[in-house]
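Please consult the sequence and the structure while reading.

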Amino acid sequence: MRRYLRQILIFFLLSAGVAQAADLPELQVVSVRGNRYFSAQKMIGWSGLKRNKPVSQENLTDAAMNILNKLSAAGYYFCRIDSIQQDYSSDSSLVSVTYHVDEGERLIYGGMEIIGDTLSLDEDFLSLARPGNPLFYTDLGYDLSDVIRNKEEAGHPFARLDIKDLALHHDTLSVAARLTAGPQAYLDKVRIIGLRSTKPNVIARETRIVPGEPYSLSRVQRARQRIRKLPYVESVSVPALVPMGSNRYDLLFQVEEARSNSFDGVVGYQPGADGEEGVVTGLLDLSFLNLFGTGRKAKIHWERASENQQALLLFYEEPWIFGLPINLWGEFSQEILDSLYLERFMAAGATWPALDVLSLKGSIFQEEVLPDSVGELVGIYKSTERGGALELEYDTRDYIDNPIRGIYYRSRAAASIKDYTATSGLENADIRHYETDVSWSYPVIGRQILNLQVHGRF
């Protein structure tokens, strides 16, 4: 019964809405009078009104506010709409609307005076709002925020700016503000909360905050960015300052961990032919991005597609060697292909994040090809390749796995010498290898992200 009553109520409400819309007049013409600086067509576009559509008094009022807001954003703060003229047809089914607009004069910026704890502004501080130019409230807002940020960068996280006076002289507005810098803050240590498996010091060291250093807004923002880029972190809060006395504070981050370990396994059986025994096949893939909550990485991959095809990969990375932000890693892989040859690869290297967005990698490697007698018959010879590689990585992406905006650039150059066995009759080879990857992400509309990529191999 309740369901039927609800359906009946919805029907009557919709019917009332349709009837009300049917009673509204249709907008035939929209015009603007009194404009001097902006065209009537532009203002009509600002209004949002559509011809040949039903229009209400509320729609006309909203359209007037839209026009005034656009004029204010352009610096015409004294604008007004004197009247909204409505001319109806004989049967009141059509209406023509005329907005009588007075744009007023454009407001000029006279400058900003800061009094109180002025302290010297950073040399890089450059105001967007320039005295003598039209005043845009967005530029003035950015300038006021930059004054605060300048003090926060200088170690005063509790700096405060109060507007004391707005002096209007004819068409020129001057601003007077009082700046209270507040005490200078020093950071004691970094606290991490919200962890389930990761050790707090593993994440705290990634911030590179040194106990006792003065508070710096940019340093704190970069510390948060470093935490967010860790593969085992899902999200990190805006940092908070915990007072410890004597102008000393702990820097507090709340972190939500991501799923950092994965396991994939497949087991199969391949029956034998003509009385031969069957073969057990399978795949095992273990990935650890945060081994035992220490930030260590490990990967194990084993695959057996058939009796004559097998592959094995082992990888391990040890972070922060000797307390420095340097990671050492090693890799071993081996692959057997169709009983013709065995390919074995070994590599070791180091990664150094030189800057927040720039890291350098260096490695040495050795690759061996070991054929059996059948492989030599088809022209596969024993060889050993030894060399080294350098890699540069630049990354400004906000989220590594699924970026919304940012640039990723990677360039790798490798050089090696390949030695063949004497019985092959082949000369040793001097090998060069180059790789480049570029990716750019940018939000376009809503949740749609434009991602452009370029990849090169030579």
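## Salt bridges

In this predicted model, Asp 250 counts as buried because its relative accessibility is 1%, under the 20% limit for that class. Asp 250 forms a salt bridge with Arg 191, and their closest N and O atoms are 2.9 Å apart. Asp 250 belongs to strand β10 and Arg 191 to strand β7, so the pair ties together parts that are 59 residues apart in sequence. Arg 191 is partly exposed, with a relative accessible area of 31%.

The model has 19 salt bridges. Among them is the pair of Glu 318 and Arg 296, at 2.7 Å from N to O. This pair links strand β14, which holds Glu 318, with strand β13, which holds Arg 296; the two residues are 22 residues apart. Another salt bridge joins Asp 395 and Arg 397, both of which are buried.

## A buried charge without a salt bridge

Asp 398 lies in the loop between β18 and β19. Asp 398 is buried but has no salt bridge, and Arg 405, the nearest side chain of opposite charge, is 5.0 Å away. A polar atom of the Asp 398 side chain lies 3.0 Å from the backbone nitrogen of Ile 404.

## A nonpolar surface patch

A nonpolar patch on the surface has about 990 Å² of accessible area together, and its residues include Trp 352, Trp 440 and Val 444. Strand β20 gives the most to the patch, with four residues. Val 444 is found in β20 and counts as exposed because its relative accessibility is 52%, over the 50% limit.

Conventions: Residues numbered from 1 in each chain as written. Predicted model: local features only at pLDDT ≥ 70, side-chain atom pairs only at ≥ 80, totals over all residues. Heavy atoms only, no water. Buried < 20%, exposed > 50% of the residue type's maximum accessible area, 1.4 Å probe, protein only. Lys, Arg positive; Asp, Glu negative; His and termini not counted. Salt bridge = Lys/Arg side-chain N within 4 Å of Asp/Glu carboxyl O. Polar contact = N/O pair within 3.5 Å; in protein donor to acceptor, adjacent residues only side chain to side chain. Patch = residues over 30% accessible without salt bridge, like charges linked within 9 Å, V, L, I, M, F, W, Y side chains within 5 Å. Areas by Shrake-Rupley, 256 points an atom, 1.4 Å probe, with all protein chains shown as cover.
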